[in-house]
Amino acid sequence: MKQDVIELDGAIGGGQVLRSALSLSMLTGKCLRISNIRSRRSRPGLMRQHLTAVQAAAQVCGARTSGAELGSQVLSFEPGPIRGGDYRFAIGTAGSCTLVLQTLLPALLKAAQPCRVNVSGGTHNPLAPPADFLQQAWLPQLRRMGARVELQVLRHGFVPAGGGELELFVQPSTLQPLHLCERGALLGRRAWALSAGVPEHVAERELRRVFDRLGMARENLHAVQLDEQYGPGNVLLLEFVFEHLTELFSGIGQNSLRAESVADGAIDQAREWLASGAAVAECLADQLLLPMALAGGGSFTTPRMTDHLQSNIQVIEAFLPVRFEARSLAEQVLHVECHSLG
């Protein structure tokens with residue numbers, strides 16, 4: 001019997017379009033044909049982390065692929081059945097481990113057997129959620145929905161050296177709808193700066209900036225020095241624990257950025273979200289769409305409709321019998337709801 005084929009124009013977004021499409025192709029058994037992959041990026045096509053995601057997805061479901069090579073802007077992906085077991089993937093650069101795992105996780109929940117996935121590469125990258133975001137913000141919400149998942153950071157890996165390692169454990173799970181429209185009461189907040197192979201004053205300056213701009217108590221500011229073998233690298237993490245969710249914001253140290261600028265990037269994101277009154281910040285909103293669609297429903301509030309959110313909705317609706325509705329409740333509060341059409 002001829003398989004359904006979903007044709008997508010990758011120009012509607014960046015790597016997230018590819019990752020969501022791979023997840024959905026695996027889950028639905030529908031073939032994927034995607035063109036113009038990351039065509040609007042300065043370096044279009046499949047980069048190392050995207051290629052690893054394709055190869056990992058293909059191995060997990062025994063897919064046949066065409067166009068799976070570095071720089072390719074066209075990909076065909078013909079999935080087979082999702083298989084549990086132990087998997088190990090190496091990106092080979094500081095490309096994001098978290099993005100590879102986020103591609104695989106939705107499908108692995110539907111495997112018949114438990115899965116263990118080890119991915120090596122970058123754990124803290126400027127253009128991807130850090131491993132801490134998955135641990136503190138995203139996976140707890142998936143567990144509320146019924147997912148049985150655990151993530152361990154075995155080794156930190158920063159840009160440009162990489163060398164990090166994450167391990168994900170997944171058991172077969174059925175997701176239930178989640179509604180995240182209010183944060184609830186503030187339970188706590190903290191900041192910590194991870195550093196490896198960089199001067200101690202870098203973390204101290206970042207945390208001083210957090211103290212000056214957010215007024216966090218000094219006992220909630222932590223500088224963590226990792227062994228220099230993990231570096232060079234630095235990341236500032238801001239965590240806000242509310243009754244119904246935890247949000248995490250990050251700033252990644254880079255040679256071209258002063259410590260104060262690294263901190264300001266994370267602080268600005270946090271302050272904008274805190275002032276909005278919306279429950280979910282932009283990154284978490286984007287990552288909740290697919291689990292909610294698989295659960296057949298759910299809702300959240302977020303500050304605005306972003307390009308990432310819009311393109312992800314388009315991809316999900318192309319594969320699944322669901323529809324997302326978005327309506328403004330206030331100037332910085334957008335209500336997003338998923339409805340099943342099945």
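Leaving aside its neighbours within four places in sequence, which residues is Glu182 in contact with? They are His244 and Ala279, where contact means heavy atoms within 4.5 Å.

Before we go on, a word on the model: it is predicted, with local features needing pLDDT of at least 70 and side-chain atom pairs counting only at pLDDT 80 or more, while totals for chains, interfaces and linings use all residues. Residues are numbered from 1 along each chain as its sequence is written, and side-chain values use heavy atoms, leaving out hydrogens and water.

Glu182 is found in the loop between strands β9 (178-180) and β10 (186-196). Helices (H or I, at least four residues) and strands (E, at least two) are DSSP runs, numbered from the N terminus.

The whole structure holds 0 disulfides, a disulfide being a pair of cysteine sulfur atoms within 2.5 Å. For Cys115, the nearest cysteine sulfur is that of Cys61, 12 Å away. The sulfur of Cys181 is 13 Å from the closest one, in Cys338, which is too far for a bond.

| Residue | Class | Relative accessible area |
|---|---|---|
| Cys115 | buried | 4% |
| Cys181 | partly exposed | 30% |
| Glu182 | exposed | 59% |

Now to helix α2 (residues 48-61). Its 14 residues should span 20 Å at 1.5 Å a residue, and its end C-alpha atoms are 20 Å apart, which agrees; the expected span is 1.5 Å times one less than the number of residues. This helix is mostly covered, with 11 of its 14 residues buried. Among them are His50, Leu51, Val54 and Cys61. The buried residues of α2 pack against α1 (15-28), β3 (64-66), β4 (75-78), β5 (85-90) and α3 (97-108). After α2 comes Gly62, with a positive phi near 60°.

Finally, look at a pair of helices. The axes of α4 (residues 131-144) and α7 (residues 282-295) come within 10 Å and cross at roughly 35°; axes are lines fitted to C-alpha atoms over the stretch in contact, and angles run from 0 to 180 degrees between N-to-C directions. Phe133, Ala137, Trp138, Gln141 and Leu142 in α4 meet Cys283, Leu284, Gln287, Leu288 and Pro291 in α7.

Conventions. Buried < 20%, exposed > 50% of the residue type's maximum accessible area, 1.4 Å probe, protein only.
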